[in-house]
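Work through the exercises below with the model open beside the text, and try each task before reading its solution.

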Amino acid sequence: MTRKSTQWALILGVSSGFGAAAARELSRNGYNILGVHLDRQATMPAVKQLIAEIESNGRIAEFYNMNAADEHKRHAALDNFVDSYHQEGRAEIKVLMHSLAFGTLRPLVGRNESEMIKKAQLEMTIDVMANSLIYWTQDTVRRGLLGRGSRIFAMTSDGANLNLPFYGAVSAEKAALESYVRQLAIELGPRGITINALLAGVTDTPALSKIPGARNMLYAAVAKNPFNRATTPEDVAVAIMALMREGTEFINGNTIGVDGGESKISFVGQKSPYQYADLNLLDESSWDPTDVS
Ligand SMILES: NC(=O)c1ccc[n+]([C@@H]2O[C@H](COP(=O)([O-])OP(=O)(O)OC[C@H]3O[C@@H](n4cnc5c(N)ncnc54)[C@H](O)[C@@H]3O)[C@@H](O)[C@H]2O)c1
């Protein structure tokens with residue numbers, strides 16, 4: 001075995017979107033993939049295709065189709081991984097990526113009782129999409145699978161700080177996730193493990209398509225984005241590889257935008273001051289701030 005083949009990436013939400021793109025990029029760069037996903041029969045062909053791609057890169061794809069929030073299944077998957085690959089302390093999880101999309105998109109109060117989000121839905125969203133980051137981190141640290149040089153990435157969105165219709169539960173879990181990242185950075189730093197949240201821009205994935213008004217969100221994102229396009233899962237995969245470079249461990253405890261700057265722009269079309277120049281707004285003599293025509 002080459003030294004590189006002992007390096008693993010554990011990807012929660014491996015079968016689609018950001019997780020799948022990261023699995024492709026990391027396997028191309030020498031990482032075996034320990035993947036967790038939740039798929040029914042209809043989407044299994046895509047999962048098999050991804051496994052084949054990882055294997056064609058000469059890497060192992062060890063996949064578990066299970067609920068990542070199920071405690072017993074989590075222990076069973078990690079124990080199985082230890083038995084199969086870590087017996088002599090060889091397998092190192094160098095990347096732990098949290099990219100689970102499993103939330104309830106409903107109003108918190110809504111127009112009537114039937115629209116109102118239920119307690120179980122709110123708690124499940126926060127458990128799967130935020131709390132599970134803690135449990136997977138605890139259980140990999142516990143087993144000695146994460147160590148010096150390991151990096152954790154958790155996927156967040158600007159919905160952590162802004163409001164979107166139907167996004168209340170997911171917004172809350174994103175805020176919690178970013179808070180967990182800050183807290184874990186303090187605790188994991190002395191172990192040589194870093195953790196950051198990656199804030200992706202609006203990206204065309206199955207998870208996005210479930211948000212009411214997703215098409216309009218995409219149009220607005222492209223209109224705002226300084227790069228005139230939406231974020232892709234590959235943008236995030238490339239960012240992860242960049243953050244894997246040796247010597248980058250001081251990038252820790254942050255929420256890092258991987259969105260082309262989209263989340264910093266609050267007005268559609270406001271891409272450069274020159275657009276104001278076109279409108280003569282930079283010419284003070286002609287600038288009447290009260291004129292909104
Ligand atoms: N798409 C966007 O615009 C966007 C933007 C910023 C952040 N994000 C965040 O990125 C993350 C991933 O989103 P995506 O767009 O790649 O979604 P996606 O639907 O493409 O992929 C979600 C993945 O999670 C897996 N999954 C879902 N529930 C699971 C569970 N209970 N147990 C195990 N696996 C489960 C699915 O099988 C799939 O592999 C989410 O946290 C999402 O909020 C998405």
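This is a predicted model: local features need pLDDT of at least 70, side-chain atom pairs count only at pLDDT 80 or more; totals for chains, interfaces and linings use all residues.

Residues are numbered from 1 along each chain as its sequence is written.

**Exercise 1.** Determine the strand order of the sheet and identify which strands stand at its edges.

Solution. Begin with the elements, which are DSSP runs numbered from the N terminus: helices are H or I with at least four residues, and strands are E with at least two. Two strands pair if DSSP finds at least two bridges between them. On this basis 7 strands form an open sheet with parallel pairing, in the order β3-β2-β1-β4-β5-β6-β7. At the edges stand β3 (61-65) and β7 (255-258), and each has a single partner strand, so one side of each is left without a neighbour in the sheet. From one strand to the next the twist averages 20 degrees, where axes are lines fitted to C-alpha atoms, for helices over the stretch in contact, and angles run from 0 to 180 degrees between N-to-C directions.

**Exercise 2.** Find which strands helix α4 touches, and the angle its direction makes with that of β4.

Solution. Contact between two residues requires their C-beta atoms, placed from the backbone, to lie within 7 Å. Helix α4 (residues 119-142) packs on the sheet and touches β1 (7-12), β4 (92-98) and β5 (151-156), its direction making about 175 degrees with that of β4.

**Exercise 3.** Which residues come nearest to the ligand?

Solution. A residue is near a molecule if its C-beta atom, placed from the backbone, lies within 6 Å of it. Of the 30 residues around the ligand, Gly 13, Gly 17, Phe 102, Thr 205 and Ala 207 come nearest. Elements giving two or more residues to this shell are α1 (17-28), β2, α4, β5 and α6 (206-209).

**Exercise 4.** Is Phe 166, with its positive phi, buried or exposed?

Solution. Most residues other than glycine have a negative phi. Phe 166, in the loop between β5 and α5, has phi near 70 degrees. A residue is buried if 20 or more other C-beta atoms, placed from the backbone, lie within 10 Å of its own, exposed if 12 or fewer, and partly exposed in between. Phe 166 counts as buried because it has 20 C-beta neighbours inside 10 Å.
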